[in-house]
Amino acid sequence: MRPPPERIIDRVAELLADTASLDEPYARAQLLRAPMLLRVGANEIARAHAWQAEEVDALHDLLSSALALVDDAALCARLRGVLADDDGDQSVVALQDRLDRRRAMLIELHAWCEQSVIAGAPALLERIWQELLCSTQRRRTDLDRF
């Protein structure tokens, strides 16, 4: 999850802890930031599963379709390994682990597309860029500063 909810919660804790030694106006301003950060963290925790599951599915479809085009046996084997790597665990942590592995594979596939002379490579490259754009939109928080 980007940003990790733990990072948001830790930052809120730091803000609250720091207020004990700060002068009154500054302490009040810092405390006013805490609820906003908590809301962002709570929102991210609530929606994490949905966007992660959607992204795992989107990357699965993209990587699966790439198997028909890729002419590199080693890359195909790695693609199959990543696609088979699904133990059914739908927890946020497990989904994030799967996403990390699929996104690493996406980088390899992107590099292959840029070097390939196969007719379908440019279309696959465009699909990769489209997925990266969609991924950015899925991950957007209420406050884009994070």
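This is a predicted model: local features need pLDDT of at least 70, side-chain atom pairs count only at pLDDT 80 or more; totals for chains, interfaces and linings use all residues.
User: Which element gives the largest share of the largest nonpolar core?

Analyst: That core has 25 residues, and Leu-63, Val-70, Leu-109, Trp-112 and Leu-124 have the most contacts inside it. Two or more residues come from each of H2 (24-66), H3 (73-84), H4 (92-115) and H5 (121-139). The largest share is eight residues, and the helix that supplies them is H2.

User: Which residues does Val-70 touch, leaving aside those up to four places away in sequence?

Analyst: Val-70 is among the residues with the most contacts inside the largest core. Beyond four places in sequence, its partners are Leu-75, Cys-76, Leu-79, Leu-109 and Trp-112.

User: Is Cys-76 buried or exposed?

Analyst: A residue counts as buried under 20% relative accessible area. Cys-76 has a value of 9%, so by that cut-off Cys-76 is buried.

User: And what is the relative accessible area of Cys-113?

Analyst: Cys-113 is buried too, and a search of the whole structure finds zero disulfides. Its relative accessible area is 5%.

User: How much of the accessible surface belongs to carbon and sulfur atoms?

Analyst: The accessible surface of the protein is about 8,400 Å². Of that surface, the part belonging to carbon and sulfur atoms is 58%.

Definitions and conventions:
Residues are numbered from 1 along each chain as its sequence is written. Side-chain values use heavy atoms; hydrogens and water are left out. A nonpolar core is a set of buried Ala, Val, Leu, Ile, Met, Phe, Trp, Tyr and Cys residues joined through side-chain atoms within 4.5 Å. Buried means under 20% relative accessible area, exposed over 50%, partly exposed in between (1.4 Å probe, protein chains only). Helices (H or I, at least four residues) and strands (E, at least two) are DSSP runs, numbered from the N terminus. Contact means heavy atoms within 4.5 Å. A disulfide is a pair of cysteine sulfur atoms within 2.5 Å. Accessible areas come from the Shrake-Rupley method with a 1.4 Å probe; for residues, only the protein chains shown count as cover.
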